[in-house]
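The following questions and answers concern the model shown here. Please consult the sequence and coordinates alongside each answer.

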Amino acid sequence: MTHQIELSGVNKYYGAYHALRDIDLKIRKGSFVALVGPSGCGKSTLLRSLAGLESISAGDLIIAGEKMNGVPPRKRDLAMVFQSYALYPHMTVEENLTYSLRIRGVKKAEAKKAAEEVAATTGLSNLLHRYPRELSGGQRQRVAMSRAIIRHPKAFLFDEPLSNLDAALRVHMRKEIRSLHDRLGATSVYVTHDQIEAMTMADHVVVMRQGVIEQQGPPLELYDRPVNKFVAGFIGSPAMNFIPAKAGADGRSLVFELGNPQVVTLDRPLPTASKLIVGLRPEHLRLVEEADAQIRLPVGVVESTGSMTYITSATTPEINVVVTDRQPLRSGEMMSLGFDPADLHLFDADSERRIDIAG
Ligand SMILES: Nc1ncnc2c1ncn2[C@@H]1O[C@H](COP(=O)(O)OP(=O)(O)O)[C@@H](O)[C@H]1O
Ligand SMILES: [Mg+2]
C-alpha cells in the first residue's frame with residue numbers, strides 16, 4: 001500500500017452549492033501534491049475535508065489504509081500548516097512548538113527535547129527563546145512548519161502558507177518547504193492559486209475548476225499535454241496564446257483568424273472540425289526572417305526586462321511572444337514569427353477539449 005491518502009467519488013455540498021464534484025485522487029506516500037486553481041474552485045474545501053474540518057457529503061476518504069469519513073480531525077494524524085501569523089504571540093518559539101505535545105500530556109523535559117530536535121532541522125536552534133514578534137517573516141514561517149513537524153503527522157496540509165510574504169521571501173520559502181519535505185520524507189498536500197508555485201514545488205499537480213479536477217499529473221505533463229483549453233491557459237506564464245482557426249481546404253494546413261486569415265501549412269493531417277482553437281505558448285514563438293515566416297503580425301508593445309523581451313502584437317486576439325535576446329522592433333512594424341509544429345496545441349472550439357494531431 002503506497003497510497004497515503006485516497007479519495008474516491010468525493011462530493012461536498014454547502015447547502016445547495018456543489019463545492020466538490022466526484023473527486024478521485026490518490027496521494028502516494030512521500031509525494032508532494034499541489035492543488036491549484038482560481039479562487040473559489042474548492043481547493044481549501046478539499047484540504048479541509050482531508051483534515052476533517054469539513055464533512056464530505058458522499059464518497060470515501062482513506063488515510064494510511066483506514067476509512068476516515070467520520071473520524072474527528074485530531075484522530076486523523078494530519079497537520080495543517082497555516083500562514084505564519086497563526087503563532088501564539090505571547091509564547092516563545094519553544095512554547096509554540098511544545099504546546100501541542102504538552103496538551104496531550106507529554107512530559108516537559110521530553111517536549112523540550114523534541115522541540116530542540118525539530119529546531120535543529122529547521123534552523124531555529126538559536127531562536128527558541130524569542131517571541132514571534134522578534135522574528136522575521138521567514139523565521140515565523142519556519143516556526144509554523146516546526147509546530148507541525150513535531151507531531152510526526154501522516155501528512156502535512158498547507159493552505160496558501162506563503163501568501164502573506166513578499167515576492168523574494170516566497171521564492172526562498174518555496175525551496176525551503178520543498179527541501180524540508182524531502183529531508184523528512186514527508187507526504188505533503190499544498191494548496192495554492194499560484195501555478196508557478198505548484199509547478200516548481202510539486203511532483204503531482206492537481207488543477208481544479210468549479211469543484212472539478214480538470215487534470216492531474218506531473219507538472220511538465222500538464223505543460224506539454226493540457227487536456228483542455230482551461231488547463232492550457234492556466235499552466236504556463238505568460239499564458240498560452242489562443243487563436244481561432246479552421247482547417248484549410250487541403251486538410252493539411254490551418255487558417256489562423258488573426259485580423260486577416262493567415263494560412264499555416266503544417267503538412268500533417270488535421271481534423272476537419274469547422275471551429276478550432278490553436279494554442280501556442282509565447283516562449284514557443286520565435287522571430288524569423290520574412291521568407292521563413294509562418295505568421296506575420298503588426299507589433300504592438302515591446303517590453304524588455306534585460307534578460308527577456310516581451311512582444312505583444314497589435315491584433316485581435318493579441319499574441320504574446322517571449323524571446324531571450326534583445327529586439328530592435330518598434331510598434332507598428334511587421335514581425336515574422338515561426339514555431340515548431342510539435343509545439344502547437346489544438347482544441348475543439350465548442351468542447352474546448354484537446355485534439356491530438358499525428359506527428
Ligand atoms: N462554509 C461555507 N459555506 C458555504 N459556501 C462555502 C463555504 N466555504 C466555502 N464555500 C464556497 O465553496 C466554494 C469553494 O471555496 P474554497 O474551497 O474556499 O475555494 P478556494 O480555496 O479554491 O479559493 C466557494 O464558492 C465558496 O464560496
Ligand atoms: Mg482557499
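Q: How many residues does helix α5 (residues 167–184) have, and what distance does it reach from its first C-alpha to its last?
A: This is a predicted model, in which local features need pLDDT of at least 70, side-chain atom pairs count only at pLDDT 80 or more, and totals for chains, interfaces and linings use all residues. Residues are numbered from 1 along each chain as its sequence is written, chains are lettered from A and ligands numbered from 1 in the order in which they are written, and side-chain values use heavy atoms, with hydrogens and water left out. Helices (H or I, at least four residues) and strands (E, at least two) are DSSP runs numbered from the N terminus, and the expected span of a helix is 1.5 Å times one less than its number of residues. Helix α5 is close to the expected 26 Å, with 18 residues and a reach of 26 Å.

Q: Which residue follows α5, and what is its phi?
A: The residue that follows α5 is a glycine with positive phi. It is glycine 185, with phi near 60°.

Q: Why is α4 described as largely enclosed?
A: Buried means under 20% relative accessible area, exposed over 50%, and partly exposed in between (1.4 Å probe, protein chains only). Contact means heavy atoms within 4.5 Å, and what covers the buried residues of α4 includes β6, α2 (93–103), α3, β7 and α5. Helix α4 is largely enclosed by the rest of the structure because the number of its 13 residues that are buried is ten.

Q: Is tyrosine 223 buried or exposed?
A: Tyrosine 223 belongs to helix α7 (residues 219–224). Leaving aside neighbours within four places in sequence, tyrosine 223 is in contact with Met199, Ile235, Arg281, Glu283, His284 and His345. At a relative accessible area of 17%, tyrosine 223 is buried.

Q: Which residue of β7 stands opposite valine 81?
A: Strands pair if DSSP finds at least two bridges between them. Strand β6 (residues 78–81) is buried on both faces, with Leu78 and Met80 on one side and Ala79 and Val81 on the other. Four bridges join β6 to β7 in parallel, and valine 81 stands opposite phenylalanine 158.

Q: Which residue of β20 is the bridge partner of leucine 276?
A: Strand β14 (residues 276–280) pairs with β20 in the antiparallel sense over four bridges. In β20 (residues 345–348), His345 and Phe347 point one way and Leu346 and Asp348 the other, and all are buried. The partner of leucine 276 is aspartate 348.
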